[in-house]
Amino acid sequence: LSLTMEDAEAIVAAADASDKMLMIAHVLRFWPEYVELKRVIDSGELGAPRFVNAVRRQPTPAWMEGGPRAHLTGGSLHDMLIHDFDAANWVLGTPTAAFAYGPVNERSQGRDQAQVLVTYENGSASIDGGSTMPESYPFTSRFEVLCDNGAIEYHFRAGGRSFEVGEPTNVLTVYRNEGDPEVLEVEQTDPYENECAYFIECVRTGTPPERSMPATALA
C-alpha cells in the first residue's frame, strides 16, 4: 500500500472520503490455489484454522539494473512477504502483534530476508523468506495451514530463479484425520487477469471490492 504507515493511513482516509473506488491488488486473493485453499477452510470441514506457516524465497530479482533498492521498494518485506502477511490475515483474521528479525542487506540497504511471527486472537503465523537466496535457488513459496481437524498446504516451486521461469511444481494438498492425503485439482487461470476483471466488474456495478479493500492492506 505504501512504505510508511502515515502514507498508508492517508491513502485509506482519502479513499473513504472519496466517491471513487480503490482496490489494492493483493494478487494471492485471486490466485487459483489460494482461492481454493480459502474455500476449503471456509467450508469448515477441517475445523478452525490455528497455525499458518508461509515461505517465499528467491535470489535477488534481476528486473532492476543494479538490483532492488530499498528506498524504492521497501525491501523484501514490502515487496515479497507482504503477500504472505495478507494471505495469513485472510485466513486467520486481524493480527494482534508481530515480532520480526531481518538484518539490513548492504547491497540494497533494505531488509531483504526475514523471519516474522504474527499472533492472532486464536492462532499464529510464521512467515519466512526474502530475496537473498543463492543464484541457483528456484523461486519457492509455501502456504501451510493447520486446522483443528486437518491441514491444507500449497507448495509452489518455479523451474528457475523467478516464478515465471520453466515448468513449476504446483500442488495443493488436503490432509484429513482419516484417509489418504488428497491432491486437489485446481483450474488454472491467470491471477493477474482475475484481479483486473474483478475490479472492472466492481467499477461497472458500483460494488465495493470487498475481496481486497484498502483497510485489509492497511492491516
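These legends go through several close-up views of one predicted model.

Residue numbers start at 1 in each chain and follow the written sequence, and side-chain values are worked out from heavy atoms, without hydrogens or water. Since the model is predicted, local features need pLDDT of at least 70 and side-chain atom pairs count only at pLDDT 80 or more, while totals for chains, interfaces and linings use all residues.

**View 1. The largest nonpolar core and its contributors.** Here is a set of 35 residues, and the ones with the most contacts inside it are L37, V52, I127, F143, V145 and I152. A nonpolar core is a set of buried Ala, Val, Leu, Ile, Met, Phe, Trp, Tyr and Cys residues joined through side-chain atoms within 4.5 Å. Buried stands for under 20% relative accessible area, exposed for over 50%, and partly exposed for in between, using a 1.4 Å probe and protein chains only. At least two core residues come from each of helix 2 (32-43), strand 1 (49-57), helix 4 (76-92), strand 3 (113-120), strand 4 (123-130), strand 5 (140-147), strand 6 (150-157) and strand 7 (169-176). Helix 4 gives the most, with 7 residues. Helices (H or I, at least four residues) and strands (E, at least two) are DSSP runs, numbered from the N terminus.

**View 2. L37 and what it touches.** Setting aside neighbours within four places in sequence, L37 is in contact with V91, F143, V145, I152, Y154 and L172. Contact here means heavy atoms within 4.5 Å.

**View 3. F30 and Y198, one of the aromatic pairs.** How many aromatic pairs turn up in a search of the whole structure? The search finds 5. Rings of Phe, Tyr and Trp (its six-membered ring) pair if their centres lie within 6.5 Å; planes under 30 degrees apart are called stacked, over 60 edge-to-face, and the rest tilted. The ring centres of F30 and Y198 are 5.3 Å apart and the planes meet at 55°, so this pair is tilted. The two partners come from distant parts of the chain, 168 residues apart: F30 is in the loop between helix 1 (5-17) and helix 2, and Y198 is in helix 5 (residues 191-205). F30 is buried, at 2% relative accessible area, while Y198, at 22%, counts as partly exposed.

**View 4. Y34 and Y154, an edge-to-face pair.** The centres of these two rings are 5.3 Å apart and their planes are at 85°, so Y34 and Y154 are edge-to-face. Y34 is in helix 2 and Y154 in strand 6, 120 residues apart. Both Y34 and Y154 are buried. Together with F143, they form one aromatic cluster.

**View 5. Two arginines over tyrosine rings.** The charged end of R157 sits over the ring of Y137, 5.4 Å from its centre. Y198, the tilted partner of F30, has the charged end of R211 over its ring, 5.6 Å from the centre. To count, NZ of Lys or CZ of Arg must be within 6 Å of the ring centre and within 35 degrees of the ring normal.

**View 6. The largest pocket.** Its volume is about 760 Å³. A pocket is an open set of points on a 1 Å grid over the protein atoms alone, where a 1.4 Å probe fits, with protein on both sides within 12 Å along at least five of seven lines; lining residues have an atom within 4 Å of a point. Of the 29 lining residues, I82, F85, A217, L218 and A219 are the closest to the centre. Helix 1, helix 4, strand 2 (95-101), strand 3 and helix 6 (214-218) are the elements that give two or more residues to the lining, and the largest share, 8 residues, comes from helix 4.

**View 7. Q109 and its positive phi.** Most residues other than glycine have a negative phi. Q109 is not a glycine, yet its phi is about 60°. This residue is in the loop between strand 2 and strand 3, and at 51% relative accessibility Q109 counts as exposed.

**View 8. T140 in strand 5.** Is T140 buried or exposed? At 3% relative accessibility, T140 counts as buried. Apart from neighbours within four places in sequence, T140 is in contact with V55, R56, R57, F156 and R157.

Conventions:
Points joined across faces, edges and corners; volume = space filled by probe spheres on them.
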